[in-house]
Amino acid sequence: MAAKLQFDFLADKEKSTLTVKREFAGPRQLVWDCHTQSALLDRWFAPKPLTTKTKHMEFKEGGYWHYAMVTPDGQAYWSRVDYLAIRPIDGYATLDGFTDETGVVNPDMPRSRWDVTFTDLKEHTLVTTVVHYNSPEDVQKVIDMGMKEGMASTLECLDELLLKLRA
């Protein structure tokens, strides 16, 4: 990650939210495409050394993305993102959850609503993600699972992809 790019990770347990603000060295359209096209998501949406594998993607309101983060030894961790609202190229809202390989949501894991907005920041883009959980305990559970470190590593993978796409 370039040293001067903004990364803020704020937990608000009273509101049961996490807010992540992250700056990217790329224009908003390209950063939007990297967040909304499965061919691009598969190239960055997992912390190293994991990779991303899309099983299904339909980016539209009412559509969903079913994907796995895959370890180097082939173990897959499945998730599903349901698209609730889309405002190209300003933002989208989703319902996120851990699933099995068939897409059935795991009721024992926290499910969350993600509100993602994209803002021009000179020649860069600021992506603000507000993640809403059902309880402060759910916020703590994902923090304990390594959410901050995982997001930081994953977003660094997007930095690397943007460099390749802009070369």
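Is Asp-120 buried, partly exposed or exposed, and what is its relative accessible area? Asp-120 is partly exposed, at 45%; buried means under 20% relative accessible area, exposed over 50%, and partly exposed in between, with a 1.4 Å probe and protein chains only.

Before going on, a word on the model. It is a predicted one, where local features need pLDDT of at least 70 and side-chain atom pairs count only at pLDDT 80 or more, while totals for chains, interfaces and linings use all residues. Residues are numbered from 1 along each chain as its sequence is written, and side-chain values use heavy atoms, with hydrogens and water left out.

Now the salt bridges. The structure holds eight of them, a salt bridge being a side-chain nitrogen of Lys or Arg within 4 Å of a carboxyl oxygen of Asp or Glu. In one of them Asp-120 pairs with Arg-28, with 3.2 Å between the closest N and O atoms. Arg-28 is in helix α1 (residues 28-36) and Asp-120 in strand β7, so this pair ties together parts that are 92 residues apart in sequence. Helices (H or I, at least four residues) and strands (E, at least two) are DSSP runs, numbered from the N terminus. Arg-28 has 17% relative accessibility and therefore counts as buried.

Another salt bridge joins Asp-82 and Arg-111, at 2.7 Å from N to O. This pair also links distant parts of the chain, with Asp-82 in strand β5 and Arg-111 in the loop between β6 and β7, 29 residues apart. As for burial, Asp-82 counts as buried because its relative accessibility is 15%, and Arg-111, at 23%, counts as partly exposed.

Lys-60 and Glu-58 form a further salt bridge, 3.4 Å from N to O. Lys-60 is partly exposed at 43%, and Glu-58 is partly exposed at 33%.

Asp-138, in helix α3 (residues 136-144), is buried without a salt bridge. The nearest side chain of opposite charge is that of Lys-141, 6.2 Å away; here Lys and Arg count as positive and Asp and Glu as negative, while His and the chain ends are not counted. Neighbours within four places in sequence aside, Asp-138 is in contact with Pro-110 and Tyr-133, contact meaning heavy atoms within 4.5 Å.

On to the pockets. On a 1 Å grid over the protein atoms alone, a pocket is an open set of points with protein on both sides within 12 Å along at least five of seven lines, and lining residues have an atom within 4 Å of a point. The largest pocket holds about 950 Å³ of space. Its lining has 40 residues, and Phe-45, Tyr-67, Met-69, Trp-114 and Met-147 lie nearest the centre. Elements supplying at least two lining residues each include β5 (76-87), β7 (112-121) and α4 (147-166). By class, this lining has 27 nonpolar, eleven polar and two charged residues.

The second largest pocket has about 170 Å³ of space. It is lined by 13 residues, with Arg-43, Trp-44, Ala-46, Lys-48 and Cys-157 nearest its centre. Helix α4 gives the largest share of this lining, four residues.

Last, Glu-160, which also sits in α4. Glu-160 counts as partly exposed, at 35% relative accessibility.

Technical notes. On a 1 Å grid over the protein atoms alone, a cavity is a set of points where a 1.4 Å probe fits but cannot get out, and a pocket is an open set with protein on both sides within 12 Å along at least five of seven lines; lining residues have an atom within 4 Å of a point. Grid points are joined across faces, edges and corners, and a volume is the space filled by probe spheres set on the points. Ala, Val, Leu, Ile, Met, Phe, Trp, Tyr, Cys and Pro count as nonpolar, Asp, Glu, Lys and Arg as charged, and the others, Gly among them, as polar.
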